[in-house]
Amino acid sequence: MRRLFGTNGIRGVVGKDMTPELALGIGRAAGTLYNGAIAVGRDTRTSSDLLANSMISALACTGRAVVDVGILPTPALQYHVKTRKLGGGVMITASHNPPEFNGIKCIDSLGMEASVEDEEAIEAIYFEKRHEITTWEHIGHIQQVRDAVPRYVESILAKVDKDAILKRKPKVALDCGNGAACFTSPYLTTRLGCSLVTLNAQPDGHFPGRLPEPTAANVSGLMRVVKETGADIGIAHDGDADRAIFVDEKGQYIFGDKSLALLAGEELAGKGGVVVTPISSSSCIEDVVKMHGGEVHYTRVGSPIVARKMYELGATFGGEENGGMIFPGHQFCRDGGMALAKMLELLAHHHEPLSELIAQLPQYQLFKTSIPYPAGLRDQIMEGVAARASDAKVIAIDGVKILHDDGWILVRPSGTEPIFRVYAESKSKTRAEELGKEGVATVEEVIRKLGDQASHRSSE
Ligand code: MG
């Protein structure tokens, strides 16, 4: 049972759960587990320098050489670890969370987000205080390098059809959200010959422009600017720029499952392959993948799980519905810069505007709600839901997904609160709602039955 690490590293409010002491402790534990030199990067948050300095001191204390790569997107740090063949990396970031948060994300020597096993090992060393402290003559060397960002940018430019994009000269509105993307995406788009309008492109940990999560509500300014400037596309990143969200030329927000499906089709075209995505993703992705002769492999929710499965399977493409996309030709992690460049390449290779390319995708309607449940009954509720769905096809990778001919229901416990999330999807809105209500009714019935059994037992 993990006590600190969640789906995407350790997160907390600065000064409360996220303190220099915690960064020191996790740094000493990570330095004890990992071998070789460790790269330390950070996002633009007001607390990131402070936490990174604690992290760097702790790693050096355990005898690890430290490469301080400064402020950069998480995928740029991951690219540096992988290509410089370092022992690992640590990113100080709270990704899309509000400004008062920060976090710690550990990266393994392959440049992938740490495995559950590594995170558990780090936690065990931390709680059992089994960290190593070296003597004065073995303290790790601390070196500042400033080539991680340009190397990441160059590597992306080398992996897309630059000539086609240069010829197309797309007009781009780019919202860096005052985050780490300020150091990469304006340069990527300029080098690709785009005519560029930027928003929130000055790094600022107070996030004066908008909150770091690129939701439709948070990027409404970008949607307006796209329309007003007649841009071909709008692009927005989250705080550490591992995600990219797009806006079409009409100023309409494109949900992440649609951009994922669109790019999946492009990556598989003419060659097929495996696409990895969490069980909660829209069937739109599976439809597109099958259309191109490929197959979908479903995983539990969480980008580290998707990336690792892609690595194991030698997948062609993968990602999540939140704008996190993974291009194995570059690296096995969510990669906001690569997603930006690949979307510009897609626009250059097609003649239609982005809104039309999106309209050509299979259209699905999603129903989403949540139900609170009594503590301690999580597993019994899931078993009960699966048992009641025995006639239908059930996938139990993460929660219970019930497949119907014309849609599906997914009942999944939240990782952080005592609630079950109920999702349902179908091509028709009425049917999606019907399936969703069926899911809700099943969960409520199971909870009621379990309650009856408990009160029956206590009255015996
Ligand atoms: Mg992120």
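**Close-up views of a predicted model**

View 1. Residues are numbered from 1 along each chain as its sequence is written, and side-chain values use heavy atoms, with hydrogens and water left out. Helices (H or I, at least four residues) and strands (E, at least two) are DSSP runs, numbered from the N terminus. Helix α5 spans residues 148-157 and is mostly covered, with seven of its ten residues buried, namely Ala-148, Val-149, Tyr-152, Val-153, Ser-155, Ile-156 and Leu-157.

**View 2. The largest nonpolar core.** A nonpolar core is a set of buried Ala, Val, Leu, Ile, Met, Phe, Trp, Tyr and Cys residues joined through side-chain atoms within 4.5 Å. The largest such core has 70 residues, of which Ile-233 and Leu-344 touch the most other members; helix α12 (residues 336-349) gives the most to this core, with nine residues. When residues up to four places away in sequence are not counted, Leu-344 touches Ile-165, Pro-170, Val-172, Thr-189, Leu-192, Cys-194, Ile-233 and Ile-235, where contact means heavy atoms within 4.5 Å. Another core, of 25 residues, lies apart from it and has Met-18, Val-66, Ile-104 and Ala-114 among its members.

View 3. Asp-238 counts as buried at 1% relative accessibility, and Asp-240 is buried at 0%. Thr-93, in the loop between β4 (88-92) and β5 (101-107), is also buried, with a relative accessible area of 1%. Beyond its neighbours within four places in sequence, Thr-93 is in contact with Arg-11, Asp-43, Thr-74, Asn-102, Gly-103, Ile-104 and Asp-240. The side chains of Thr-93 and Asp-43 are joined by a polar contact of 2.8 Å, that is, a pair of N or O atoms within 3.5 Å, of which, within protein, one must be able to donate a hydrogen and the other to accept it, residues adjacent in sequence counting only if both atoms are side-chain atoms.

**View 4. Strand β2 beside β3.** In strand β2 (residues 38-42), five of its five residues are buried, with Ile-38, Val-40 and Arg-42 on one side and Ala-39 and Gly-41 on the other. Strands β2 and β3 run parallel and are joined by five bridges, with Arg-42 opposite Ile-71 in β3; two strands pair if DSSP finds at least two bridges between them.

**View 5. An open, mixed sheet.** Four strands, in the order β13-β12-β14-β15, form an open sheet with mixed pairing, and its edge strands, β13 (295-299) and β15 (325-326), each pair on one side only. Strand β12 (residues 274-278) pairs with β13 in the parallel sense over five bridges.

Technical notes
This is a predicted model: local features need pLDDT of at least 70, side-chain atom pairs count only at pLDDT 80 or more; totals for chains, interfaces and linings use all residues. Buried means under 20% relative accessible area, exposed over 50%, partly exposed in between (1.4 Å probe, protein chains only).
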